[in-house]
Amino acid sequence: MRRTLVLALLGVMLGAAPAAAQWAQLAVNLDTLLARAARDSLDPVAQYDAGIGLWTARRYDDAEHALRRSIAIEPKTAAAYLALAFLPYARRPKLWAEEEKRKVPPELQATVAESDRFFRRAFMIDPLVDLQVYGLIFSQMERIPGEMGPYATLIHGLQGFF
């Protein structure tokens, strides 16, 4: 039963892959998000939202700064940790494959280790952390037939709930 449920879930996710291939769009204008973050610079949610907005604009350095501000203000902002965990893969999409083949460039090994720590911290803080950031990663990836790395990782994580 467990395996059937996982396979069914994987099928649903793969069916949604073409829709996810479109680049993510914001429900709120980026300028509005940035103005809100500037207006209330001590609001971790506003900083997180600005970080996600900057990510969708592919301004990765600015997104990282906003996400780090979010966790500096409120260290229990699990969604910001999860976003920071995936940001290196947004900057360098082939990092998934490099990591899987254990051929991560030396200059990125510390970044990958930090990403792993952020990922673990996000789920330690909130096991039900919002997974919307996965949409940013998957919408950005080129779908190569047979490449299932990120999807398999997601399914492995979900297996723990069954």
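Predicted model: local features only at pLDDT ≥ 70, side-chain atom pairs only at ≥ 80, totals over all residues.
Local features required pLDDT of at least 70 and side-chain atom pairs pLDDT 80 or more, whereas totals for chains, interfaces and linings used all residues. Residues are numbered from 1 along each chain as its sequence is written, and side-chain values use heavy atoms, without hydrogens and water.

The protein contains 10 helices and 0 strands (DSSP runs, numbered from the N terminus: H or I of at least four residues for helices, E of at least two for strands). Of its 162 residues, 38% are buried (under 20% relative accessible area; exposed, over 50%; partly exposed, in between; 1.4 Å probe, protein chains only). Among contacts (heavy atoms within 4.5 Å) with a separation of 6 or more, 60% join residues 24 or more positions apart.

Helix H8 comprises residues 106-125 and reaches 30 Å from its first C-alpha to its last, close to the expected 28 Å (1.5 Å times one less than its number of residues). Its buried residues are Leu-108, Val-112, Ser-115, Phe-118 and Ala-122. These lie on the same side of H8 because they cover an arc of only 120° around the axis (directions from the helix axis to the C-beta atoms). They pack against helices H5 (60-73), H6 (78-91) and H7 (95-100). The face turned away from this buried side carries the exposed residues Pro-106, Ala-110, Arg-120 and Met-124.

Gln-47 is located in helix H4 (residues 44-56). Gln-47 counts as buried because its relative accessibility is 2%. Beyond its neighbours within four places in sequence, Gln-47 contacts Ala-37, Asp-40, Ser-41, Ala-66, Arg-69, Ser-70 and Ile-73.
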